[in-house]
Amino acid sequence: MQNVIERVLNVLIYLLESPRPVTANDVRRTVPGYSSESDEAFHRMFERDKDVLRGLGIPLELEQDAWGVDLGYTVDPEKYAIADPGLTDSEKAALSLAARMVRLGGSFAGLNGLQKLGGVERGTGFEPFGADLGDDSDTLGKIFEAVAQRSQIDFVYREQDRSLNPYGVAYRRGHWYLMGAKGDEDRVYRVDRVSRVEVGEPDAFKRPKGFSARDFLQAHPWEAGGDEEVEATVFFDDEVAWWAGRTLGVDHQEGGLEVSIPVSNQDAFIGWILSFGPNAEVLAPDELRAALRDRIEASLAGVKP
């Protein structure tokens, strides 16, 4: 299965980098893993790989070439990429520098590591762009495998055993995120904190129809960020407890809801808490309470924090 994942990611890189739609024969001649196959075996393999890409939410499309003669495959980078975060020139320069200092399991990543991450920095050749995956460089490959074949996975996260039906994987703010569900509850995990991944049997669950990794992360913005993760304790009163419980995927009882929430993006978390008005209170930690208070005071003073 590892060879399949690497081949599929190679196809994705080729489609993203090609300035024109590419035919099936182009893929066969260019992408490692196809050229030695017979015609029939290649077409079966390529059809399966296209299904994997589409199953991962990749916007794979069939278009005519510039002469209107041949049909070719393409992935629109604008549709594939996340929304423009509006970085300043200084932030772009810092990101460009960081992109050349990627490490996999403590070692500098070459082209092979880059292909496992699924992309290159457009316009600068084959220089690496991605995130630290922690000590286990095979983790992301196993997760891609589980997502592609809809297998339940068992893993360790923050020193606790977890299980998940993995729906997808996305890169955001310097980290890869694993998204899925445990029972009726949605979950988001940072891949570099995941270890000891065990992949179960294929076709163990059905991915929700119309699943979008971008929408999923936007629904859980406080879990996707570059801040050091903290555990926030929040109390929601009776008036809003039902809504908070539904958003967080937890049950609530009469008298309100007190819940612990892992927070990696403090700005997004504070913005979400403020949407509940006076009906939500951050109980801990103290630094998060202080940040929330500063945001409120700045707002009241008419100063953007």
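This report walks through a few helices, strands, a cavity and a surface patch in the structure above.

What you're looking at is a predicted model, where local features need pLDDT of at least 70, side-chain atom pairs count only at pLDDT 80 or more, and totals for chains, interfaces and linings use all residues. Residues are numbered from 1 along each chain as its sequence is written, and side-chain values use heavy atoms, with hydrogens and water left out.

Let's start with a helix. Helices (H or I, at least four residues) and strands (E, at least two) are DSSP runs, numbered from the N terminus. Helix α7 covers residues 139–149, and ten of its eleven residues are buried (under 20% relative accessible area; exposed is over 50%, partly exposed in between, with a 1.4 Å probe and protein chains only). Among the buried ones are Leu-140, Ile-143 and Phe-144. Just after α7, Arg-150 has a positive phi of about 55°.

Phe-144 turns up again in the lining of the second largest cavity, along with Ile-5, Val-8, Leu-9, Val-52 and Leu-56. A cavity here is a set of points on a 1 Å grid over the protein atoms alone where a 1.4 Å probe fits but cannot get out, and lining residues have an atom within 4 Å of a point. This one has a volume of about 30 Å³, counted as the space filled by probe spheres set on the points. Helix α1 (residues 2–17) gives the largest share of its lining, three residues.

Now for the strands. Strand β10 (residues 230–236) is mostly covered, with five of its seven residues buried.

Leu-283 lies in β12 and is partly exposed, at a relative accessible area of 33%. Leu-283 sits 51 residues from Ala-232 in sequence, yet their C-alpha atoms are 7.5 Å apart in space.

Last, the surface. Leu-274, Ile-296 and Leu-300 make a nonpolar patch of about 290 Å². Ile-296 belongs to helix α11 (residues 286–300).

Key. Patch = residues over 30% accessible without salt bridge, like charges linked within 9 Å, V, L, I, M, F, W, Y side chains within 5 Å. Areas by Shrake-Rupley, 256 points an atom, 1.4 Å probe, with all protein chains shown as cover. Salt bridge = Lys/Arg side-chain N within 4 Å of Asp/Glu carboxyl O. 1 Å grid on protein atoms, 1.4 Å probe; cavity = no way out; pocket = protein on both sides within 12 Å on 5 of 7 lines; lining within 4 Å.
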